[in-house]
Amino acid sequence: MIDRNLIIIPTYEESENISDIIEVIFSLELPFEILIVDDNSSDGTADIVKMKQKIYPKILHLIQRPRKMGLGTAYIDGFKFSLKNNYDYVYEMDADFSHNPEDLIRLYIACKSEGYDLAIGSRYVKGVNVVNWPMGRVLMSYCASVYVRLITGMPIYDTTAGFKCYHKSVLQSIDLDSIQFLGYAFQIEMKFNVWKYGFNIKEVDVIFTDRKKGKSKMSSGIFKEAFIGVLEMKIRSLFKKYKPPYLSIKSDRLNRLNTIDDADWNEKAQSY
Ligand SMILES: Nc1nc2c(ncn2[C@@H]2O[C@H](COP(=O)(O)OP(=O)(O)OP(=O)(O)O)[C@@H](O)[C@H]2O)c(=O)[nH]1
Ligand SMILES: [Mg+2]
């Protein structure tokens, strides 16, 4: 059986990128499906997606929300869609080409062939792999990652990364409604939960490139949420019980490794 792969892309005012990112993903060697979660962008992002749905009716999905409600809740809605429709591997990705679509396949290989439950496209495994960000922003992002690592104890270099592949067992295990952060700190909270539940995590080194088109949605409020929020999250975690992944998930992991979907694909995978 061929795996079902869903890439979730939250969008807010991404009309300059959305068409290209959809086309590039659908031109990749793996059969990816895409779910766009748009927060009523005023620049017509959702209209472009609807036009594209006429070309890709079965593999391009759209959730439209009434207003800007934050990246975190967009992903939670996307995860719930993925569970309802039984996708095997679920990806997080930005619309602005900061994440190289080719790397999706490397994330898939880490989960599928190497058996990890979460693969993170990481900027900081081998030094600092960020292109075109001003030095101030690189420093801020790097220091934020170090701060989060120190407070939480998570053995992850790029704790704020938003480029990921989850095996469905992870999303089935975590109580998605308990995730508290609405904005970017959501990325930290998800990793923290995945680690606390005892799942296997791999950081895959990727190169992150600053967006060329469209505007950033970063703001200082996002940093405040993360700075204080991480401390609160750590304290809350001391009073919470994290059940390890169920036995069925462990056997599911073995099954995943033992199934060979497509001999051709296994050969191709060697080149990534
Ligand atoms: N649905 C939804 N998407 C959002 C929201 N905020 C940001 N996004 C999307 O989340 C992704 C990441 O946002 P960016 O603005 O690129 O944030 P960033 O990568 O940290 O900042 P830049 O590097 O400056 O682009 C993009 O696809 C955005 O369109 C939101 O509130 N709702
Ligand atoms: Mg971006």
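Visitor: Which residues does tyrosine 91 touch?
Guide: Not counting residues up to four places away in sequence, tyrosine 91 touches Asn5, Leu6, Ile7, Ile8, Leu104, Leu107, Lys164 and Cys165. Two residues are in contact if their C-beta atoms, placed from the backbone, lie within 7 Å. This is a predicted model, in which local features need pLDDT of at least 70, side-chain atom pairs count only at pLDDT 80 or more, and totals for chains, interfaces and linings use all residues. Residues are numbered from 1 along each chain as its sequence is written, while chains are lettered from A and ligands numbered from 1 in the order in which they are written.

Visitor: And the largest nonpolar core, which members touch the most others?
Guide: Of its 61 residues, Ile7, Ile8, Val90, Tyr91, Leu107 and Ala119 do. A nonpolar core is a set of buried Ala, Val, Leu, Ile, Met, Phe, Trp, Tyr and Cys residues joined through C-beta atoms within 7 Å. A residue is buried if 20 or more other C-beta atoms lie within 10 Å of its own, exposed if 12 or fewer, and partly exposed in between, with C-beta atoms placed from the backbone.

Visitor: Which element gives the most to this core?
Guide: Helix 4 (residues 103–112), with 6 residues. Helices (H or I, at least four residues) and strands (E, at least two) are DSSP runs, numbered from the N terminus.

Visitor: Turning to ligand 1, which residues come nearest?
Guide: Pro10, Ala74, Ala95, Ser216 and Lys217, out of 22 residues around ligand 1. A residue counts as near if its C-beta atom, placed from the backbone, lies within 6 Å of the molecule.

Visitor: Which element gives the most to that shell?
Guide: Strand 1 does, with 3 residues. At least two residues each come from strand 1, strand 2 and helix 3 (71–84).

Visitor: What about helix 2, which residues are buried there?
Guide: In helix 2 (residues 45–55), these are Thr45, Ala46, Ile48 and Val49. They fall within an arc of 155° seen down the helix axis, so they line one face of helix 2; the arc is that of the directions from the axis to the C-beta atoms. Met51 and Lys54, on the other side, are exposed.

Visitor: Where is glutamate 13?
Guide: Glutamate 13 sits in the loop between strand 1 and helix 1. Its phi is positive, about 55°, although it is not a glycine.

Visitor: Why does glutamate 13 count as partly exposed?
Guide: Because glutamate 13 has 19 C-beta neighbours inside 10 Å.
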